[in-house]
Amino acid sequence: MGTTKEAYLRYKIIDACIINKYKPYPNMDELIDAIENKIGKAFSVSAIQKDIKWMKEDEILGFLAPIKYSRSRQGYYYADPDYAIRNIPINELDIEALLAATDLLSTFNGNRVSINFGHAVDKIIASSKEVYDTSLDKRAIIQTESSPNQRGWEHFDILFQAAKENDPVCFVHYSYQKRRFNSIVIHPYLLKEFQNRWYLIGYSENHKAVRTFGLDRVYEPYLLASKFYLKPSFDAEKHFKNVYGVYPLSKKEEKIIFRITPSLSDYLISQPIHDSQKVEKYHPRGSLTLSVKLIVSQELINFFQMRRDDLEVFEPKWLVDKLYRK
Amino acid sequence: MKSKKTHKLYNLPEHDSKKDNLKLLRVLSTPEYLKIDFGYYATGYYKRGGWVKMDKATVVRDTKKGKAYKLIDTVNIPIAPAELDFNTSHDWLYFSLIFEPISSTTKVIDVIESDPGEPTDFNLYNIELSNPILIKK
């Protein structure tokens, strides 16, 4: 059992002792006895005093337990008689679901979001169950594409907070394509993942427009104390509804027609590139002509270019020229 | 959340510089230090992009009063004689210089690595500290 989980178990035992109507006002020796009996190892007075202090004061832990010491009764009690930390009813299925969610989230490189989530889950379960066994099969059964050490991921928390709290942000940005540094002031609206990369979308004061920035190109974001601007016409869902990827090259939706080989057809039928994908024609030997209605994006162009041997675009003409010009 | 009213950010401040491959990005002025962020582009002058280093005698100077503020630390760039060698002429570097805190009345500063200096020195003049943005805690 990890230290954190064990700490939650101690908090829960302390809580149970204090709210025990049949033996109110437990003293320090009684608390230590109860904890040692449950956990099966020795604890010092100072360790339990520290636990009580954390339960009372730690804002991240969140109990803010109104624990007082009664000199007359020589024991601990809650100033609020209705207070208890273990008043969250959850069952075994809930616990399984929470632990599965923790595992899933932890595949995101053990970042602070998942650490905080795991911490919250520990707290919920420990405050409800006597003991839960975390030493069960730890074999990884979910693996995502998230690559370790991906640059910029360390800024996820601050940018998430900025978008949530409506705080403008200033960060340094390096454009790979333009090979240029810039210092951007952005009013962040949305964090979006596409093909295992994260992007921040918001109103850029520099560009006077909504722009997308890859987190891997972001350096040292500062939260600003200036007024937040929410562009009235911005709707995240609409903004990306007809875009494959994050960098649209225009605002105009177009019908794109392309033919794919039989070897690619099974993949694109089972996993369409967009909701608008339609089969325009079945060819006798298994190849297909497909269409999608999309705003052409850099990512769509990359998608077509990477599949040149199995895919040929016929319309629109400008896209054909761009893809196949010598 | 309160703002750090004493932490002032000057974004892309106007200034004079003759170096095309050095971009002044931000100046952060706090009661404890002055931090200046730069972007640097390696050039094709050297086959593998050359190198960068910062002279420890680099100062920020109040352009009008002449008072100098010492360099106290750097981030991502070594202090000479150590140097950072680039691998290619396509390389780039984001780095920061940290100086003693400047007077709150200072409105224009210079960054002087060497005076009068060579073309390769990091000298920037007349950096205007106007229109500050306040940083949140």
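Trainee: How many helices and strands does chain A have?

Mentor: This is a predicted model, in which local features need pLDDT of at least 70, side-chain atom pairs count only at pLDDT 80 or more, and totals for chains, interfaces and linings use all residues. Residues are numbered from 1 along each chain as its sequence is written, chains are lettered from A and ligands numbered from 1 in the order in which they are written, and side-chain values use heavy atoms, without hydrogens and water. Helices (H or I, at least four residues) and strands (E, at least two) are DSSP runs, numbered from the N terminus. On that basis, chain A has 10 helices and 11 strands.

Trainee: What percentage of the residues in chain A is buried?

Mentor: Buried means under 20% relative accessible area, exposed over 50%, and partly exposed in between (1.4 Å probe, protein chains only). Among the 326 residues of chain A, the buried share is 43%.

Trainee: Which residues are the closest to the centre of the largest pocket?

Mentor: The largest pocket holds about 1,500 Å³ of space. Its lining has 18 nonpolar, 12 polar and 11 charged residues. Elements of chain A that each supply at least two lining residues include β4 (180-194), β8 (248-260) and α9 (298-306). Of the 41 lining residues, the closest to the centre are A:Arg211, A:Thr212, A:Val246, A:Tyr247 and A:Pro248.

Trainee: Is A:Glu253 buried, partly exposed or exposed?

Mentor: A:Glu253 lies in strand β8 of chain A. Its relative accessible area is 40%, so A:Glu253 is partly exposed.

Trainee: Which residues does A:Glu253 touch, not counting those up to four places away in sequence?

Mentor: A contact means heavy atoms within 4.5 Å. With residues up to four places away in sequence left out, A:Glu253 touches A:Asn242, A:Lys293, A:Leu294 and A:Ile295.

Trainee: What is the radius of gyration of chain B?

Mentor: Chain B has 0 helices and 11 strands. The globule rule, 2.2 Å times the number of residues to the power 0.38, is compared with a radius of gyration taken over C-alpha atoms. For 137 residues the rule gives 14 Å, and chain B is close to that, so it is as compact as a globular protein of that length, with a radius of gyration of 15 Å.

Trainee: What does the C-alpha trace of chain B span along its principal axes?

Mentor: Of the 137 residues of chain B, 45% count as buried. The span of its C-alpha trace along the principal axes is about 50 × 35 × 25 Å.

Methods
1 Å grid on protein atoms, 1.4 Å probe; cavity = no way out; pocket = protein on both sides within 12 Å on 5 of 7 lines; lining within 4 Å. Points joined across faces, edges and corners; volume = space filled by probe spheres on them. Nonpolar A, V, L, I, M, F, W, Y, C, P; charged D, E, K, R; others polar.
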